[in-house]
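Me: Please take a close look at the surroundings of the ligand, and then at the salt bridges, and explain each term as you go.

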Amino acid sequence: MTLHSDVIVPYLHEFGNAAQKAKWLPKCASGELVTAIAMTEPSTGSDLAALRTTARREGDEYVLDGAKTFISNGTLCDLCIVAAKTGGEDPHRSISLFVVEADRPGFVKGKKLAKMGMASQDTSELFFEDCRIPASNLLGQEGLGFFMLMRKLAQERLVVGVAAQAGAAQVVADTVRYCKEREAFGRPIAKFQNTQFELVDCATEVEVGQAFLDRLLVDHVAGKHLVKECSMSKLWHSEMLGRVVDRCLQLFGGYGYMLEYPVTRAYMDARVQRIYAGTSEIMKVIIAKQMGL
Ligand SMILES: Cc1cc2nc3c(=O)[nH]c(=O)nc-3n(C[C@H](O)[C@H](O)[C@H](O)COP(=O)(O)OP(=O)(O)OC[C@H]3O[C@@H](n4cnc5c(N)ncnc54)[C@H](O)[C@@H]3O)c2cc1C
């Protein structure tokens, strides 16, 4: 849901022309169209400019060839925004974005990938084999895809920050409740000083994280350019979630390893937050650049 509403549909909203918006946005809003965005390829993820999928112009059409992987909503999608090379010397000016409808011949959905967590979200391989789309499915201007992605990735990273913050807050609340109920050595485990110190550390991280996120959300909604801060949020909040969920899981003892417990699922779901939408390392590269280093 958040990927569709907060990440992908905003591309159509900001970069789509009037005809594209009229054609797709109402059905995106009603849920008749589910969207995906395909940047990552088997040979490249972090280095977007190195992608290999191509789109060549033939008359009134573009012909797409290439493979994508790890695409969220890949199995379910009706519309997929595809990043492809349209030529040119400068790698940053050779990428364009295309809207590809799922029923276009040559758009082949590969297998749904088996993942560690995020069970309710499908992640797939996608293939484009001489896939013809009308030239009118080009989103924005040819050659400006990389800049459009950079512009929109800030919000995507903020969305991950929000999800990580919410996930951490939830897991702390669940763990406090559990520690008050679970007994060892004749008293609730919440009465052990170690349990208290662990929960205090986690709750403090959540409070601090909320303050940064609140400020960021106000500035983002006001339209401020926040590449550095959104990358910082993606980095810090996803790492914070990892720390918090791991410490909380420990307090569940053996139950924390059992799939029926929400903390176990939270632990498995959390791991990917440091990887997708740009890894923690790539966030540091971006932040360093923004700091003029
Ligand atoms: C569940 C899931 C859902 C996803 N959904 C989507 C989606 O919907 N659409 C989409 O396009 N992609 C999606 N992805 C892909 C995701 O964005 C990439 O996996 C991620 O950006 C990393 O790329 P990679 O896997 O190719 O790793 P690589 O780029 O191969 O990186 C491997 C390691 O090298 C490090 N590294 C790379 N470059 C540098 C550098 N310059 N400095 C320091 N370290 C570096 C990385 O941080 C990482 O630790 C998804 C991935 C997952 C797991």
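Reply: By class, the shell around the ligand holds 11 nonpolar, six polar and two charged residues, where Ala, Val, Leu, Ile, Met, Phe, Trp, Tyr, Cys and Pro count as nonpolar, Asp, Glu, Lys and Arg as charged, and the others, Gly among them, as polar. This is a predicted model, in which local features need pLDDT of at least 70 and side-chain atom pairs count only at pLDDT 80 or more, while totals for chains, interfaces and linings use all residues. Residues are numbered from 1 along each chain as its sequence is written, and side-chain values use heavy atoms, with hydrogens and water left out.

Of the 19 residues around the ligand, the nearest are Thr 40, Ser 46, Phe 70, Thr 279 and Glu 281, a residue being near if one of its heavy atoms lies within 4 Å. An N or O atom in the side chain of Thr 40 is 2.7 Å from a nitrogen atom of the ligand, and a backbone N or O atom of Ile 37 lies 2.9 Å from a ligand nitrogen atom. In the side chain of Glu 281, an N or O atom is 2.6 Å from an oxygen atom of the ligand. Taken alone, the ligand exposes 980 Å², and the protein buries 64% of that, with areas computed by the Shrake-Rupley method using a 1.4 Å probe. Strand 1 (35-38), strand 3 (61-72) and helix 7 (280-290) are the elements that each give two or more residues to this shell; helices (H or I, at least four residues) and strands (E, at least two) are DSSP runs numbered from the N terminus. The shell also draws at least three residues from each of domain 1 (2-143) and domain 2 (148-290), whose bounds come from an automatic or database domain assignment.

Turning to the salt bridges, a search of the whole structure finds 19, each being a side-chain nitrogen of Lys or Arg within 4 Å of a carboxyl oxygen of Asp or Glu. One of them joins the side chains of Glu 41 and Lys 68, at 2.9 Å from N to O. Because Glu 41 lies in the loop between strand 1 and strand 2 (54-58) and Lys 68 in strand 3, the pair ties together parts that are 27 residues apart in sequence. Both Glu 41 and Lys 68 are buried, a word that stands for under 20% relative accessible area, with exposed meaning over 50% and partly exposed in between (1.4 Å probe, protein chains only).

How values were computed:
Polar contact = N/O pair within 3.5 Å; in protein donor to acceptor, adjacent residues only side chain to side chain.
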